[in-house]
Amino acid sequence: MDKFRVGILGAGHIAEKMAYTLNRMDDAMAYAVASRDRSKAEAFASAYGIPVSYGSYEALAENPDVDMIYVATPHSLHYEHVRLCLEHGKAVLCEKSFMMDSAQTEKVLEISEKNGIFLAEAIWTRYMPSRWILKDIVDSGIIGKPSMLTANLAYPVSHKERISNPALGGGALLDLGVYCINFALMNFGDDIDTISSCCIKGDTGVDLQESITFCYNDRRMAQMTASVLCSNERGGVISGDAGYVVTDNINNPAGFDIYKGKGEFVKSVSVPDQITGFEYQIRACKNAISNGRYEVSEMPHSEILKVMHIMDSLRKEWGICF
């Protein structure tokens, strides 16, 4: 079988991670890369052994040999670049956060669905085997009836322009809080009664730290924190009336530790070895495209839009507008 040929739009840090991953996959490859700086694209292609490089995004979108384009530019450019690819009939995997807001999201989803062109969000935690391993643990009844979820994610990255600049969709929410929200939705669902939150803003008006609480109609609760000012354990806990399960990193779990109700350790459950974790989303996209689908079951369009609506409502509450 021919390898799935991926074009990378953008040549920054996250694009490097994708290129590294694709180079180590048996069923996919980094076929092309594009940057608005041709010399940067050529250097990127040379570093990762990519056959084709372009000094414009339009040229990449016009390449008939590219099976899918991975959009790896800042949040603020996602709408422009995803729309460009879709209008050229190209399947697209777009980095998180998917768009700046739900209005942009609705527009590109409409183009995808109306024309049957594949479009997905690269929120890698949605595609990882760890997602289903955790679900199996909770569904097994070993922790009893779950009622509380916590998710925390923080990195000291407030100095980076993509974080501090509101014009780039900066702030903790779109960069880190989105993972906490997805962790809650994946494990507790979306039957949410109320959402409450608070945030601390920086000098440029972006959110630097936030606390978000989902109260569910069945009395469950999910409590989430995100920050670009500090480091934390990046952990997640799902608690039930017979015990609790802890993950070391909601963003890329190495495994899960299970405890009885009073804190007695029961066992650890590991996750499979991986290249970087990005390979799962590539394989999900390849499978969907080969079967004629325009979305993936792991992160369907309805779920992409749901997350964007939640983040819109949070920013509205905080008085943050892009």
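**View 1. Inside the largest cavity.** Lining the largest cavity are Thr-125, Ser-130, Arg-131, Leu-134, Phe-183, Met-186, Asn-187, Ile-250, Pro-253 and Phe-256. Helix H6 (129-139) and H8 each give two or more residues to this lining; helices here are DSSP runs of H or I with at least four residues, numbered from the N terminus. The space inside comes to about 100 Å³. This is a predicted model, where local features need pLDDT of at least 70, side-chain atom pairs count only at pLDDT 80 or more, and totals for chains, interfaces and linings use all residues. Residues are numbered from 1 along each chain as its sequence is written, and side-chain values use heavy atoms, with hydrogens and water left out.

A quick word on terms: on a 1 Å grid over the protein atoms alone, a cavity is a set of points where a 1.4 Å probe fits but cannot get out, while a pocket is an open set with protein on both sides within 12 Å along at least five of seven lines; lining residues have an atom within 4 Å of a point. Volume is the space filled by probe spheres set on the points, which are joined across faces, edges and corners.

**View 2. The second largest cavity.** This one holds about 40 Å³ of space. Its lining includes Met-128, Pro-129, Tyr-280 and Val-271.

**View 3. The largest pocket.** Its volume is about 990 Å³. Of its 33 lining residues, His-13, Ile-14, Lys-96, Arg-162 and Asp-175 sit closest to the centre. Helices H1 (13-23), H4 (75-87), H7 (161-164) and H8 (172-188) each supply at least two lining residues.
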